[in-house]
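Good morning, and thank you for joining this group meeting. Please look at the sequence and the structure as I show them now.

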Amino acid sequence: MLIFKAKTTCPAKLNLSLKIALERRADSYHELESLMQMIDLADQLTLELYPGTGHSLDLEFDPELSRELEQSENFERLYAELKSADNLLIKAATAWFEAQAKDLPRDYACKWSLYKKTPLGAGLGGGSSDAVAALRLLNAFAKEAQKTSFTRRRKPRVLSDSELHDIAKSLGADLPFFLLDSSLAKASGIGTDLKPLDGTELKHYLVGIAASPYSTVEAYQKLDELRLAETFQAQPYANDFTLLYLDTYAELEASRKDLAALSLQLSGSGPSFFYSFNSAKEAKKALAEIQTKAKYQKLRQLRRWIYVQSLERPPAVELLKV
């Protein structure tokens with residue numbers, strides 16, 4: 001018997017800036033400062049709750065993403081990671097239940113359905129956003145359970161904002177951002193100290209998706225190696241990880257003015273770059289030119305280009321009929 005059903009979107013994010021401290025902390029993390037923006041490129045996650053226990057995950061890929069994955073040498077590994085218990089989404093859901101009464105996990109079985117649209121390993125926070133969406137859906141269930149008599153089973157407790165933050169932080173430094181009521185925030189510390197900002201002004205971007213040669217851990221290690229070298233000279237990039245992709249940056253920056261883009265930046269630890277524009281019209285015109293004009297052939301060597309907008313506010317949870 002279906003007990004509860006709800007869905008929400010899982011927005012990707014862009015790092016509008018990302019500065020990494022040179023020295024590591026005692027816990028091996030780097031201090032950082034970043035400006036993070038949610039965008040309308042998003043996955044969709046649906047939760048169905050039944051009597052029972054455990055988690056299952058059904059995956060469906062956006063057609064464009066599906067084609068990319070099929071052409072990737074790492075398709076089988078990436079798919080296996082998404083389906084495994086090590087998936088951040090399942091880890092987040094498991095942690096939510098562990099924060100409840102000891103016998104609650106035996107009362108509810110979770111069926112997760114994820115429609116995946118955000119490219120994998122692209123520096124856009126797709127997996128982190130999916131995991132936080134799971135927390136938001138489960139807390140929505142707990143809120144609904146408190147005000148209805150639809151089940152005689154032990155009712156879950158609504159986790160506080162601080163409890164959700166702690167779960168998110170334990171799984172990754174960029175997860176707490178997706179819990180905010182604001183779509184724009186300044187991050188500091190290891191990325192988990194957040195100051196929400198007014199994100200209602202609409203922004204326009206073209207995101208160039210590339211294949212990543214590094215995991216996040218490897219990207220930090222490579223950045224450390226480069227910056228600790230005797231010959232290193234500081235560079236005025238908005239994102240320090242740009243140092244790992246200087247050839248790509250140079251090729252894209254050479255076309256920026258012709259495309260009428262305001263700026264070019266790297267998102268996260270890479271490898272996705274994005275141009276910013278004054279308007280949707282300018283961004284879409286640039287996208288058409290990248291896709292068709294011979295002089296932008298080098299730009300087409302990236303997996304693909306996507307037009308995205310900033311989100312005015314984070315997504316809500318939508319309750320569905322049971």
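I shall speak about helix packing, then about the cores, and then about several individual residues. Please keep in mind throughout that this is a predicted model.

Let us begin with the helices. Two packed helices are described by the angle between their axes and by the distance between those axes. Helix H3 covers residues 88–98 and helix H4 covers residues 126–147; their axes are 8 Å apart and form an angle of about 30°. Angles under 35 degrees count as roughly parallel, and H3 and H4 are therefore described as roughly parallel to each other. Their crossing is right-handed. On the side of H3, the contact is made by Leu88, Leu89, Ala92, Ala93, Trp96 and Phe97, while H4 contributes residues including Ala131, Ala134, Leu135, Leu138 and Phe141.

The crossing of H3 and H5 is right-handed. From H3, the residues Leu88, Lys91, Ala92, Ala95 and Trp96 meet Leu164, Ile167 and Leu171 of H5. The residues of this contact comprise 7 nonpolar, no polar and 1 charged.

I now turn to the cores. The largest nonpolar core has 49 residues, and those touching the most other members are Leu45, Leu47, Leu49, Trp96, Trp112, Leu138 and Phe141. Which element supplies the largest share of this core? That element is H4, with 10 residues. A second, separate core has 32 residues, among them Tyr245, Leu266, Ala280 and Ile290.

Trp96 deserves a moment of your attention. Neighbours within four places in sequence aside, Trp96 is in contact with Leu135, Leu138, Asn139, Phe141, Ala142, Pro156, Arg157, Leu159, Leu164 and Ile167.

Next, some residues in strands. Leu114 belongs to strand E4, residues 108–116. Is Leu114 buried or exposed? Its relative accessible area is 3%, so Leu114 is buried. Residues touched by Leu114, beyond four places away in sequence, include Leu45, Leu57, Leu59, Leu89 and Asp130. From Leu114 to Ser263 there are 149 residues in sequence and 33 Å in space, C-alpha to C-alpha.

Phe61 lies in strand E3, residues 55–61. With 15% relative accessibility, Phe61 counts as buried, because the limit for that class is under 20%. How far apart in space are Phe61 and Lys117? Their C-alpha atoms are 6.3 Å apart, although 56 residues separate them in sequence. Setting aside neighbours within four places, Phe61 is in contact with Ser66, Leu69, Tyr79, Leu82, Tyr115 and Lys116.

Arg304 is found in strand E10, residues 304–309. A relative accessibility of 14% means that Arg304 counts as buried. Among its contacts outside four places in sequence are Glu64, Glu68, Lys117, Pro119 and Ile209.

Finally, let us consider the loops. Ser269 sits in the loop between strand E8, residues 263–266, and strand E9, residues 273–277. Its relative accessible area is 13%, so Ser269 is buried. Apart from residues up to four places away, Ser269 touches Thr216, Ala219, Phe241 and Tyr245; Tyr245 is also one of the members of the second core. The loop between E8 and E9 also holds Pro271. Gly270 and Pro271 are joined by a cis peptide bond, with omega of about 10°.

Two further loop residues have a positive phi without being glycine. For Ser28, phi is near 80°, and for Ala260, phi is about 65°. Where in the chain is Ser28? Ser28 lies in the loop between strand E1, residues 4–24, and strand E2, residues 30–51. Ala260 is in the loop between helix H7, residues 246–256, and E8. With a relative accessible area of 42%, Ser28 is partly exposed. Ala260 is partly exposed too, at 39%.

That concludes my presentation, and I thank you for your attention.

Methods:
Residues numbered from 1 in each chain as written. Predicted model: local features only at pLDDT ≥ 70, side-chain atom pairs only at ≥ 80, totals over all residues. Heavy atoms only, no water. Axes fitted to C-alpha atoms, helices over the stretch in contact; angles between N-to-C directions. Helix = DSSP H or I, 4+ residues; strand = E, 2+ residues; numbered from the N terminus. Parallel < 35°, antiparallel > 145°, perpendicular 65-115°, else oblique. Left-handed = near helix turned anticlockwise from the far one by under 90°. Contact = heavy atoms within 4.5 Å. Core = buried A, V, L, I, M, F, W, Y, C linked by side-chain atoms within 4.5 Å. Buried < 20%, exposed > 50% of the residue type's maximum accessible area, 1.4 Å probe, protein only. Nonpolar A, V, L, I, M, F, W, Y, C, P; charged D, E, K, R; others polar.
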